[in-house]
Amino acid sequence: MSAQEQELFALAKEARESAYAPYSDFKVGAALLGESGTIYLGCNVENASFGLTVCAERVALFKALSEGERVFKAIAIYAGSKSVPPCGACLQVMAEFGDLDILLFDSKGSYVKWRISELLPQAFRLND
């Protein structure tokens with residue numbers, strides 16, 4: 001694991017601590033690496049109206065977009081004991097901004113690496 005991947009893992013793990021998940025107790029943290037080198041953190045935020053819940057990946061991405069970042073290299077995702085891939089909605093939103101690496105970590109620090117195009121090979125894009 002590279003030093004940058006280790007840093008993303010540590011930050012995703014830290015971001016998970018801020019998750020608001022009183023209904024599922026399924027806490028997720030994400031660390032998104034922008035092309036600028038800036039890392040944006042996100043955690044999942046649940047709501048009593050379940051459809052309004054937002055995943056950690058989209059929180060990190062929206063935070064980055066709101067600060068002007070538009071190109072991304074990688075996102076690390078940490079959900080605790082086992083590695084968990086992004087949901088379809090998160091994959092679709094991330095696919096809008098390129099085919100970045102997705103690093104899925106477990107509690108032992110082991111990880112698997114995917115590309116968005118591998119997990120969502122037929123992403124919807126207006127310019128394709």
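A nonpolar core is a set of buried Ala, Val, Leu, Ile, Met, Phe, Trp, Tyr and Cys residues joined through side-chain atoms within 4.5 Å. Buried means under 20% relative accessible area, exposed means over 50%, and partly exposed lies in between, with a 1.4 Å probe and protein chains only. The model is predicted, with local features needing pLDDT of at least 70 and side-chain atom pairs counting only at pLDDT 80 or more, while totals for chains, interfaces and linings use all residues. Residues are numbered from 1 along each chain as its sequence is written, and side-chain values use heavy atoms, with hydrogens and water left out.

The sheet comes next. Helices (H or I, at least four residues) and strands (E, at least two) are DSSP runs numbered from the N terminus, and two strands pair if DSSP finds at least two bridges between them. Five strands form an open sheet in the order E2-E1-E3-E4-E5, with mixed pairing. Strands E2 (39-43) and E5 (111-115) are at the edges with a single partner strand each, so one side of each has no neighbour in the sheet. Within the sheet, E3 and E4 are joined by five bridges in the parallel sense. Helix H1 (residues 3-16) lies across E1, E2, E3, E4 and E5 and runs at about 140° to E1; such angles run from 0 to 180 degrees between N-to-C directions, the axes being lines fitted to C-alpha atoms, for helices over the stretch in contact (heavy atoms within 4.5 Å).

In soluble globular proteins, nonpolar side chains tend to be buried together. Here the largest nonpolar core has 23 residues, of which Leu32, Phe72, Ile75, Met94, Leu100 and Ile102 touch the most other members. Two or more residues come from each of strand E1 (29-34), helix H2 (56-66), E3, H3 and E4, and H2 gives the most, with five residues. Apart from this core lies another of ten residues, including Tyr78 and Phe105.

Aromatic rings also meet. Rings of Phe, Tyr and Trp (its six-membered ring) pair if their centres lie within 6.5 Å; planes under 30 degrees apart count as stacked, over 60 as edge-to-face and the rest as tilted. There are five aromatic pairs in the structure. Phe72 and Phe97 are edge-to-face because their planes stand at 85°, with ring centres 6.1 Å apart. Phe72 belongs to strand E3 (residues 72-78) and Phe97 to the loop between helix H3 (88-95) and strand E4 (101-105), 25 residues apart. Phe72 is buried at 7% relative accessible area, whereas Phe97 is partly exposed at 24%. Elsewhere, ring pairs join Phe9, Tyr78, Phe105 and Tyr111 into a cluster.
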